[in-house]
Amino acid sequence: MKKTIAIMFVVMAAMVAGCARGAEVKVSMKDFAYSPREVNIRVGDRIRWANIDVEAHTVTTMIWDSGAIEPGKSYSRLFDAAGSFEIKCQFHPDMVGRVAVTAR
Ligand SMILES: [Cu+2]
């Protein structure tokens with residue numbers, strides 16, 4: 001009986017850990033564009049924007065802003081609520097994208 005409870009506890013702990021772990025999606029900033037331009041993720045996931053371009057870029061929305069991301073640097077953000085964000089670079093108005101976060 002004790003063994004059964006112990007096994008159940010281990011299984012439940014593994015399930016909780018599996019649910020809580022978010023994925024990290026990589027987006028590159030290259031040739032003055034986000035790639036991929038649109039990203040669909042779940043609540044709890046993270047996006048890492050990596051600047052592999054020759055100039056600094058930003059990831060800017062109406063609500064939050066990465067600040068300047070220099071070439072060779074990256075910016076990571078955890079999305080803890082559902083929503084849709086239009087993103088753009090403050091330095092390059094044509095550099096736009098979108099992040100859609102759906103409930104898990
Ligand atoms: Cu830019």
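Strands here are DSSP runs of at least two residues, numbered from the N terminus, and two strands pair if DSSP finds at least two bridges between them. By that reading, strand 1 and strand 2 form a hairpin with two residues between them. The model is a predicted one.

**Overall make-up**

- Read from the N terminus, the order of elements is α-β-β-β-β-β-β-β.
- The protein has 104 residues, and 19% of them count as buried.
- Among contacts with a separation of 6 or more, 44% are between residues 24 or more positions apart.

- Four strands make up an open sheet with mixed pairing, in the order 2-1-4-5.
- Strand 2 and strand 5 are at the edges with a single partner strand each, so one side of each has no neighbour in the sheet.
- From one strand to the next, the twist averages 20°.
- Strand 1 and strand 4 run parallel and are joined by six bridges.
- Across this pair, Lys-26 stands opposite Arg-48 in strand 4, and Ser-28 has Ala-50 in strand 4 as its bridge partner.
- Strand 1 also pairs with strand 2 (residues 33-35), in the antiparallel sense and over three bridges.
- Here the bridge partner of Met-29 is Tyr-34 in strand 2.
- In the turn of the hairpin formed by strand 1 and strand 2, Asp-31 has a positive phi of about 55°.

- Strand 6 and strand 7 run antiparallel, with six bridges between them.
- Glu-86 has Arg-98 in strand 7 as its bridge partner.

**The nonpolar core**

- In soluble globular proteins, nonpolar side chains tend to be buried together.
- The largest nonpolar core in this model has 13 residues.
- The residues with the most contacts inside this core are Val-27, Tyr-34, Val-39, Ile-47, Trp-49 and Val-99.
- Strand 1 (24-30), strand 4 (46-51) and strand 7 (96-102) are the elements that give two or more residues to the core.
- Leaving aside residues up to four places away in sequence, Val-27 touches Tyr-34, Ser-35, Pro-36, Val-39, Ile-47 and Trp-49.

**A loop residue**

- Glu-55 is in the loop between strand 4 and strand 5 (74-78).
- Is Glu-55 buried or partly exposed? Glu-55 is partly exposed, because 13 other C-beta atoms lie within 10 Å, whereas a buried residue would need 20 or more.
- Glu-55 and Ala-68 are 13 residues apart in sequence, and their C-alpha atoms are 9.8 Å apart in space.

Conventions: Residues numbered from 1 in each chain as written. Predicted model: local features only at pLDDT ≥ 70, side-chain atom pairs only at ≥ 80, totals over all residues. Buried ≥ 20, exposed ≤ 12 C-beta atoms within 10 Å, placed from the backbone. Contact = placed C-beta atoms within 7 Å. Core = buried A, V, L, I, M, F, W, Y, C linked by C-beta atoms within 7 Å. Axes fitted to C-alpha atoms, helices over the stretch in contact; angles between N-to-C directions.
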